[in-house]
Amino acid sequence: MLVTGNDILVPARAGKYGVGSFNTNNMEITQAIIHTAERLRSPVMVQMSEGAIKYGGQDLANIVIDLARRATVPVALHLDHGSSYESALKAIKMGFTSVMIDASHHDFEGNVKETKRVVEAAHAMGISVESELGRLGGIEEHIVVDEKDAFLTDPEEAVQFIEQTGTDYLAIAIGTSHGAFKGKGRPYIDHARIEKIASLTGIPLVAHGSSGVPQEIVERFRKAGGEIGDAAGIADEDLQRATGFGIAKVNVDTDLRLASTVGIREALAANPKEFDPRKIFGPAREVMSQVIEHKLRVLGSVGKA
């Protein structure tokens, strides 16, 4: 069933589990996300970035909406990192049931102003809104933030921001970062900051840049001919702890990109003469499903729908 973000995330915050919000760019990724969630009886969010909208347009949104409406578990279609008021309105017109306005590059007052505009418009249409306070480092499509420009979310500012904007859920900077390269070894997550913000606020909190970058997938990627540096992701234990203290929405993109490419590379390496797309993209969908299942189990959302 197609629902709003609030319909999924408010129960998650109350139940102290996390909901995976996975980026999609095509039919196979969408199928892997929704079908795996159905099999595991888990609520799920499917998100499209502005880059995905540029790539797949209304056609891709329609695929998500159709699969979501026919699903037997709650599914929301979310705009990831909407860069403007206009972008959010476009997504709502396309049928999205949740939108993000990322005005975190503005100062506090500017962020409040831009976020409030989107909240007022979206709420008038019954659509829930995500915003961001603090800045994550790393690279994700059009989002490029140098380490020197990244900063963690201030708990007191979070309270003020929520009160002044009416945002439904808030992405906070807690040490995660976008992309496959999150630092050397195990990235540091500021759990004390999560707990403090959660204790002062009642709305669902969001963790961006939360791919685990499984080393097994990385090694399979390399073995199949892929080239990747010293990739590192967020530990399962850190995500489980975070969801117990208010993180209700957990964004995952890199893991599915890697898994999809592994499936494609392995299929072509096993049979260099293959040109049937079903036998190339089918294995990619299967590897993605395995990664999604692991993430849903880690977040504790299995059986919650």
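A residue is called buried when its relative accessible area is under 20%, exposed when that area is over 50%, and partly exposed in between, using a 1.4 Å probe and protein chains only. By that scale Leu-2 is partly exposed, because its relative accessible area is 25%. The model is predicted, so local features need pLDDT of at least 70 and side-chain atom pairs count only at pLDDT 80 or more, while totals for chains, interfaces and linings use all residues. Residues are numbered from 1 along each chain as its sequence is written, and side-chain values use heavy atoms, with hydrogens and water left out.

**The barrel**
- Eight strands form a closed barrel in the order β1-β2-β3-β4-β5-β8-β10-β11, with parallel pairing; strands (E, at least two residues) and helices (H or I, at least four) are DSSP runs numbered from the N terminus, and two strands pair if DSSP finds at least two bridges between them.
- Strands β1 and β11 run parallel and are joined by four bridges, and Val-19 has Lys-249 in β11 as its bridge partner.
- Helix α11 packs on the sheet, where it touches β1 and β11, and its direction makes about 150 degrees with that of β1; such angles run from 0 to 180 degrees between N-to-C directions of lines fitted to C-alpha atoms, for helices over the stretch in contact.

**Helix α11**
- Spanning residues 278–299, α11 has 22 residues and reaches 31 Å from its first C-alpha to its last, close to the 32 Å expected at 1.5 Å a residue, where the expected span is 1.5 Å times one less than the number of residues.
- Among the buried residues of α11 are Ile-280, Val-287, Met-288, Lys-295 and Leu-299, and the buried residues of this helix pack against elements including β1 (19–23), α2 (27–39) and α10 (254–270).
- Just after α11, Gly-300 takes a positive phi of about 80 degrees.

- Leu-2 lies in the segment before α1 (5–15), and its C-alpha atom is separated by 6.1 Å from that of Pro-74, 72 residues apart along the chain.
- Not counting residues up to four places away in sequence, Leu-2 touches Ile-65, Ala-68, Arg-69, Val-75, Leu-77 and Thr-97, contact being heavy atoms within 4.5 Å.

**Nonpolar cores**
- In the largest nonpolar core, which has 75 residues, Phe-96, Val-99, Leu-170 and Ile-247 touch the most other members; a core is a set of buried Ala, Val, Leu, Ile, Met, Phe, Trp, Tyr and Cys residues joined through side-chain atoms within 4.5 Å.
- Helix α3 (residues 50–70) gives the most to this core, with eight residues.
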